[in-house]
Amino acid sequence: MALTLHMHPLASFCQKALIALYENGTPFEPHFVDLGNDAATAQFKALWPIGRMPVLRDDARDRTIAESSIIIEYLDQHYPSANRLIPADPDLALQVRFGDRFYDFYVHEPMQKIVTDRLRPEGGNDPYGVEQARALMQTAYGMIERDMETRTWAAGDAFTLADCAAAPALFYANKVAPFGETHPRLAAYFDRLMQRPSYARTVREAEPYLKFFPQ
Ligand SMILES: N[C@@H](CCC(=O)N[C@@H](CS)C(=O)NCC(=O)O)C(=O)O
């Protein structure tokens with residue numbers, strides 16, 4: 001198998017890459033990384049010293065690709081399929097890349113801040129940072145609510161890279177800052193994401209591990 005995805009099914013940024021792979025039925029080997037295991041962590045860091053998942057290894061082209069957005073761009077360039085996740089039209093592509101950045105920076109990262117704060121050792125919490133993250137996420141929710149008045153997917157009528165970014169970000173954001181009661185159009189968009197076969201499969205595969213999510 002040419003492509004190996006170093007990942008964990010529970011990890012939200014890994015889910016983002018998985019959605020892209022499943023959208024296009026791209027053959028790949030999943031390699032689970034257990035960051036709780038020192039040997040596995042050392043092996044992973046030999047591949048990508050930053051130590052954050054996902055990482056795609058392409059043996060056929062002898063390339064190691066990190067960062068979920070770049071992995072999806074790479075797949076779109078070198079393993080393209082029917083569902084292009086980045087449109088050919090440059091203006092549309094810019095809109096899609098903007099959506100990807102928006103969900104990563106203003107939903108996904110604040111969600112991670114809230115979740116990882118729960119895992120910090122006693123005395124190491126950052127309540128002010130968490131409060132800021134919550135405020136940022138609420139602003140993002142409001143913007144999505146407004147955008148979803150006229151859109152089916154994050155960047156328009158087609159499912160794209162921006163939706164790959166949105167789905168896991170919103171899945172976990174909804175657990176730490178639920179939006180179902182307050183943002184109906186965002187909630188309807190999230191339902192569409194949950195019903196998308198590529199994401200439904202990703203969530204199914206994460207289910208055995210969801211008990212490890214810090215509630
Ligand atoms: N910007 C990176 C973020 C990757 C990331 O934060 N991955 C998390 C899992 S969702 C991780 O590996 N965390 C482990 C750690 O921080 O030690 C991307 O888009 O791939």
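Cys164 is buried, with a relative accessible area of 0%, where buried means under 20% relative accessible area, exposed means over 50%, and partly exposed lies in between, for a 1.4 Å probe and protein chains only. Before I go on, please keep in mind that this is a predicted model, in which local features need pLDDT of at least 70 and side-chain atom pairs count only at pLDDT 80 or more, while totals for chains, interfaces and linings use all residues. Residues are numbered from 1 along each chain as its sequence is written, and side-chain values use heavy atoms, with hydrogens and water left out.

Cys14 is buried as well, at 0% relative accessibility. A search of the whole structure accordingly finds zero disulfides.

Let me turn to the charged side chains. The structure holds 15 salt bridges, each being a side-chain nitrogen of Lys or Arg within 4 Å of a carboxyl oxygen of Asp or Glu. In one of them Asp104 pairs with Arg101, with the closest N and O atoms 2.8 Å apart, and because these residues are three apart in helix 4, about one helical turn separates them. Helices here are DSSP runs of H or I with at least four residues, and strands are runs of E with at least two, numbered from the N terminus. Asp104 is buried at 5%, whereas Arg101, at 30%, is partly exposed.

Another salt bridge joins Glu145 and Arg185, whose closest N and O atoms are 3.9 Å apart. Glu145 belongs to helix 5 and Arg185 to helix 7, residues 184-195, so this pair ties together parts that are 40 residues apart in sequence.

Finally, the largest pocket holds about 1000 Å³ of space. On a 1 Å grid over the protein atoms alone, a pocket is an open set of points where a 1.4 Å probe fits, with protein on both sides within 12 Å along at least five of seven lines, and lining residues have an atom within 4 Å of a point. Its lining comprises 33 residues, of which Ala11, Ser12, Leu35, Met53 and Gln112 lie nearest the centre, and helix 4 gives the largest share, eight residues. The second largest pocket has a volume of about 180 Å³, and there too the largest share of the lining, five residues, comes from helix 4.

How values were computed: Points joined across faces, edges and corners; volume = space filled by probe spheres on them. Disulfide = S-S within 2.5 Å.
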